[in-house]
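Open the model in your viewer and keep the selection panel at hand. We will go chain by chain, then step inside.

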Amino acid sequence: MESNNNHSEKKELKGFYGKAKISVKILDIAIVIGIVALFAVLTFGMNHRGYTVTFDSNGGTMVEPQKKMYGDHLDPVEPPTREGYEFLYWANDIFGNNPWNIEKDVVTEPLKLYAFWQQKE
Amino acid sequence: MANNESVLLRMEDITKVFPGVKALDGVTVEVRAGTVHALMGENGAGKSTLMKCLFGVYHKDGGHIYLEGKEVDFKNSKDALENGVAMVHQELNQALTRNVMDNMWLGRFPKNGPFTSEKKMYDATMKLFDDLGITVNPKAIMSTMPVSQRQMVEIAKAVSYDSKVIVFDEPTSSLTEVEVEHLFRIINMLRDRGCAIIYISHKMAEIKRISDDITIMRDGKWIATHPAADLEMADIIRLMVGRELTNQFPPKTNKPGETYLKVENLSGMYNKLDNVCFEARRGEVLGLAGLDASGRTEVLESIFGIRTRKSGTITLAGKPCKNRNSGESIKNGFAMLTEERRATGIFGVRSILENTVISSLSRHKKFGPLLGMKTQVEDTQKYIDAMHTKTPSQHTQIRSLSGGNQQKVIIGRWLLTEPEVLLLDEPTRGIDVGAKYEIYQLILDLANQGKTVLMVSSEMPELLGVCDRILVMSGGKLAGEVDARTTTQEEIMTLAAKYA
Amino acid sequence: MKKLDELKAMNPADRKRAIGDLLMNNAMFIIIAITILYIWIRVPSFLSVTSIINIMNLTAAKLPIALGVGGCIILAGTDISAGRQVGLAACIAAGLQLTVNKLFPGLAVQPIPLALLAVIVVGAVIGLVNGFCMAQFKVHPFIVTLSTQLIVYGFILMFLQFGTNGGQTLSGMSEGYRDFISGTLFKVGTAKVPMYVLYSIIITAVVWVIWNKTAFGKNMFAVGSNEDAANVSGVNVKKTIILVFMMAGILYAITGFIDAARIASVNATTGLNYEADAIAACVIGGISFVGGIGKVSGAIIGVLLLQVIFVGLNFLSVDANLLYIVKGLIILVACCIDMRKYLVRK
């Protein structure tokens, strides 16, 4: 009954795919379309490179966002001002645990920096 | 018989090459209208490859196909069907949760305007069924019907397309004798209408009965075409295997000893198995005969604990066995070869080695729970050698082997568990003649070693040739017991119909 | 070399097809190779020692979860609750290791083995629930793990509400815990190889032994390949399924345990979508959804290649949002290739 063998070879593809009945040709087309889509997405990504760094001045004056590549330093930032407060530092978390050193630290991902203030005496 | 001598279908010089193998080598077959043409050959002879080339499943590498003198090249089986060439598959592809007429008219529902018409569909189906003498309710759900009736639906579908050529691929492999009779009546009717029938089967007796011409293939080559009347069974076998095969069965040498296995009041929880009692001796081959769905398989599966029992005690050498699941049964010395090799036997994507050792892993524990590789390789090699399994290596995926070789691997798996009782369900199904003989020999060897073998088979000559006694099942009950040396097929059939 | 000879011996049509098969079946590796080459040309520092060590560290951190999901895929299933389970384990580990404990006010820093044991027990219990539903009620793995994923997320949110925390990010874990995970194993130049790389290697070795050298491992592959045949062959199918999911749960728990200290801050989004990375890695690495096919080495290669791409795209400053689209496409293409490999040519 080799008829049996060959005949149901297609059915052997079960498991998580269910009893998929599909020809190699259609799969080839799907694979090629998938790859083309993948490269299209990557190309789009390459044309819109860069990480946006935004500044939340916590009630102080606005600071312009910057667009940076991986490994870049931030452009020098004029410290923001706020009535009755003195600017301390920028940090990349809302608790101020990780201060950001504008001269030394480099951008490796999209970033949001928060301003931290001290009340004036 | 054949009153129309014109050639309806001619396959000329068909060649098909797979990487490394020439599956078909210039095969020419002519099928005349109003005849049944049997196609025979061992596994891998190229019968189904030839059919797949006809139906466009494979693209043939050379040759021509002529239907009524015109060259055709079907793109797929639908294309073939619409041109009057139909195939009744051995594995039926049907929408099981839908009813009969939905399946019949699938893809071409009779319509009233834009809506499908139930009534037209029903009438058309009934007319066709009356024509063919089929008594199936067109509104019955497919999954509730036995395989034989589903096959009738498939045949009716082929007829409804006005097919001129109908191919039957192993149509009787899951039918009982009575159902086979009905099938043959229908085939004869189609032949008398002038259809050309191509009939593929391994069963000699059937072929002799039904066919007008027989074409024999071997290793992808055409070997011979003769009128069926001119060929004796031995001739067919000789042509198929290319060597003299004097006997279909090896000589029986086993000597049954004392009573060993006792089964009492076996009843099924979710099947109709009812109060089956029997005994089997050491070194005995005990056959189980019966119609389809008579409970033969259920007896074996209930003993092995993979079907839930309602009642029943199993005693092996005076010791009661609970056999609640397969693991426990294996520990108690039982082994079970299931009917559906593909569905419940092989682990298709795993290697020969893993398929062989899976049931006897505890033998290979080396450091605590860790398994040693060396003994696994040794055991596997032992049974590859012992069974003459043809495989490139132990690490070949089992699905790439032929049916017979897969069966040998699984038998090896069970022998490794060192069983005392072997439960074999259709051990030779889908296996070619040469390999069948080897399996018979193996069964008798095991009996000679004092093992008890219970064997279910739909092929009566096989039971008569190999077994000592035969139990006949009917409608879930044990209908009787016969001595294999003195009984006849007629006696068994009478018993099998007792409660059916 | 033998393959090459075989190729030469074929007739032109077959050779063309064989080469086509080779190209298509390895398409994923080819794309990844091209991408890596491109990134390397654009940003040569991508393949500097520091960067390579960084990739290795990330791979080590993601490997346990991939091995857990890999086991589920071998069973012809999947596990989409993996990421949330990592999150819950991270929360629990962090909760027991806070120096100023806002979750359980007054609770001192607990011993590290106790924290590890706690997350492992939780992971095993969730795995047990997953496995039990699948083995006993035959619910589709997707549905089961979708449900547990939601349940676990609910637990995470409630857990973070304990004490005076009010759902905030947990940070400020004990020094001992952070050293245990992120302490220096050794240094290559200025690049640090942290302790968790060692743990990851040990875990991988243990998983390899379980998969390849134990009866449980063999049974896992058998059940994945053909559940019915396994049942007949004396394999305890239910037990095997449950154990695979429990093992997966434990591996996720360990991932979470490592992640809490590695990232040093834990919140409700910790572990989010980790299962997507893990599934993608497994499929790339040849652990097939067909069931019963896969190797530990495949999972390692898959995780590594995925991390190389992500780090590379990060070097190119590609928008992180695009990475989700990239991951989704990679999974789809990898699945198509996987299906193609196990289809038989007509």
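This is a predicted model: local features need pLDDT of at least 70, side-chain atom pairs count only at pLDDT 80 or more; totals for chains, interfaces and linings use all residues.

**Stop 1: chain C, whole**

Orient it along the principal axes. The C-alpha atoms then fill a box of roughly 80 × 55 × 35 Å.

How does the radius of gyration of chain C fit a compact globule of 346 residues? Such a globule would have a value near 20 Å, and chain C has 21 Å, so the two agree.

Now colour by burial. Of the 346 residues in chain C, 49% count as buried. Take the contacts in this chain with a separation of 6 or more: 77% of them come from residues 24 or more positions apart.

**Stop 2: the two domains of chain C**

Select residues 1-43 of chain C in one colour and 52-342 in another. These are domain 1 and domain 2. Their C-alpha centres lie 32 Å apart. Where they touch, domain 1 of chain C puts in 10 residues and domain 2 of chain C puts in 12.

Stay on the domain 1 side. Which helices of chain C supply at least two residues each to this side? They are α2 (12-25) and α3 (27-42). Highlight α3(C): the largest share of this side, 7 residues, comes from there. Then colour the side of domain 1 that touches domain 2 by residue class.

**Stop 3: where chain A meets chain C**

Bring chain A into view alongside chain C. Here 30 residues of chain A are in contact with 31 residues of chain C. Select residues 24-47 of chain A. This is helix α2 of chain A, and it gives the most to the side that touches chain C, with 13 residues.

**Stop 4: chain B, whole**

Hide the rest and select chain B. Its secondary structure comes to 17 helices and 24 strands. The radius of gyration of chain B is 24 Å, close to the 23 Å that the globule rule gives for 500 residues, so chain B is as compact as a globular protein of that length.

Along the principal axes, the C-alpha atoms of chain B fill a box of roughly 70 × 50 × 50 Å. Buried residues make up 49% of its 500 residues. Among contacts in chain B between residues at least 6 apart in sequence, 68% join residues at least 24 apart.

**Stop 5: inside chain B, strand β3**

Select residues 35-40 of chain B and show side chains. This is strand β3, and 6 of its 6 residues are buried.

Look along the strand. Which residues point which way from β3(B)? B:Thr35, B:His37 and B:Leu39 point one way. B:Val36, B:Ala38 and B:Met40 point the other way. Residues on both sides are buried.

Next select residues 213-218 of chain B, strand β11. Its pairing with β3(B) is also parallel, over 4 bridges. Finish by labelling B:Met40 and B:Ile216, which stand opposite each other.

Conventions:
Residues are numbered from 1 along each chain as its sequence is written. Chains are lettered from A and ligands numbered from 1 in the order in which they are written. Domain bounds come from an automatic or database domain assignment. Two residues are in contact if their C-beta atoms, placed from the backbone, lie within 7 Å. The radius of gyration is taken over C-alpha atoms; the globule rule is 2.2 Å times the number of residues to the power 0.38. A residue is buried if 20 or more other C-beta atoms lie within 10 Å of its own, exposed if 12 or fewer, and partly exposed in between; C-beta atoms are placed from the backbone. Two strands pair if DSSP finds at least two bridges between them.
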